[in-house]
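Please keep the sequence and the structure in view while going through the points.

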Amino acid sequence: MLKKEDFVHYGKFLKPHGTRGEIGLQGDSFTLGDDCDFVACDIDGILVPFFFEYCRTKNSDTMILKIERMNSAEEVRYLTNRDVYIPREWIEDSDNLTWSYFKGFSAIDKQSGVIGEITDIDESTINTLFVVEKNDQEILIPVQEEFITDINHKERTITFDLPEGLVSL
């Protein structure tokens, strides 16, 4: 049985593509590598694996997958709009991560301790920000690699060495 803690959210299935069992997959974190041969969907609280025959890139954040044993648009339509997960081990050493991968991680400051959970990424300005929620407040942390001292993929934590007073603003 697949354990949800061993997987990370990748994206969502889109609508069927063509008539031969292909479906779009929009991924928001990184590119699937060559070692990826299946994705998982949460169906009624259980992660169910879906192996695919091939995948090809459609554009920068969308791929087309041919799901094994599904040979028509009607068969893959069942997957439309479902969240897609991939094994955490496939991406821990990846150079293809984007900042949105870190949604759900705990933010920790070396001086002040636990800040809160990263709930979003704000890319609306030139400076990308982690949106961290703590006690019903939003704290914005600049996404600067020089502030990040440790990333623990297994524990889903990011440790920062932030300038004094930044967390209390």
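**Notes on the model**

1. Setting aside neighbours within four places in sequence, Asp 42 is in contact with Lys 4, Leu 47, Arg 82, Asp 83 and Tyr 85, where contact means heavy atoms within 4.5 Å. Asp 42 belongs to strand β3, and strands are DSSP runs of E with at least two residues, while helices are runs of H or I with at least four residues, both numbered from the N terminus. With a relative accessible area of 27%, Asp 42 is partly exposed; buried means under 20% relative accessible area, exposed means over 50%, and partly exposed lies in between, with a 1.4 Å probe and protein chains only. The C-alpha atoms of Asp 42 and Met 70, which are 28 residues apart along the chain, are separated by 18 Å.

2. Before going further, please note that this is a predicted model, in which local features need pLDDT of at least 70 and side-chain atom pairs count only at pLDDT 80 or more, whereas totals for chains, interfaces and linings use all residues. Residues are numbered from 1 along each chain as its sequence is written, and side-chain values use heavy atoms, with hydrogens and water left out.

3. As for the overall plan, the protein has 1 helix and 12 strands, and from the N terminus on its elements run β-β-β-β-β-α-β-β-β-β-β-β-β. Its C-alpha atoms fill a box of roughly 60 × 35 × 30 Å, taken along the principal axes. Of the 169 residues in the protein, 41% are buried. Among contacts between residues at least 6 apart in sequence, 54% join residues at least 24 apart.

4. The protein exposes about 10100 Å², of which carbon and sulfur atoms supply 45%; accessible areas come from the Shrake-Rupley method with a 1.4 Å probe, and for residues only the protein chains shown count as cover.

5. How many salt bridges does a search of the whole structure find? The search finds 5, a salt bridge being a side-chain nitrogen of Lys or Arg within 4 Å of a carboxyl oxygen of Asp or Glu. One of them joins the side chains of Lys 4 and Asp 42, at 2.9 Å from N to O. This pair links distant parts of the chain, with Lys 4 in the segment before β1 (7–17) and Asp 42 in strand β3, 38 residues apart. Lys 4 is partly exposed, its relative accessible area being 40%.

6. A salt bridge also brings together the side chains of Glu 22 and Arg 56, at 2.8 Å from N to O. Glu 22 lies in strand β2 and Arg 56 in strand β4 (residues 46–59), so this pair ties together parts that are 34 residues apart in sequence.

7. Lys 103 forms a salt bridge with Asp 120, and the closest N and O atoms are 3.7 Å apart. Because Lys 103 lies in the loop between β6 (83–87) and β7 (106–109) and Asp 120 lies in strand β8 (residues 113–122), the pair ties together parts that are 17 residues apart in sequence. Lys 103 counts as partly exposed at 35% relative accessibility, and Asp 120 counts as partly exposed at 35%.

8. Which residues form a negative surface patch? They are Glu 5, Asp 6, Asp 35, Asp 37, Glu 68 and Glu 89. Patches are made of residues with over 30% relative accessible area and no salt bridge, with like charges joined within 9 Å and nonpolar side chains (Val, Leu, Ile, Met, Phe, Trp, Tyr) within 5 Å. Asp and Glu count as negative and Lys and Arg as positive, while His and the chain ends are not counted. Asp 37 sits in the loop between β2 (22–27) and β3 (38–43), and at 39% relative accessibility it counts as partly exposed.

9. Thr 62 is found in strand β5 (residues 62–67) and is buried, with a relative accessible area of 7%. Leaving aside neighbours within four places in sequence, Thr 62 is in contact with Leu 14, Leu 25, Gln 26 and Thr 57.

10. Arg 69, in the loop between β5 and α1 (73–76), has a phi near 60°, a positive value in a residue other than glycine, and Arg 69 counts as exposed at 73% relative accessibility. Asn 135, in the loop between β9 (129–134) and β10 (137–142), has a phi near 50°, a positive value in a residue other than glycine, and Asn 135 counts as exposed at 66% relative accessibility.

How values were computed
Charge placed at Lys NZ, Arg CZ, Asp CG, Glu CD.
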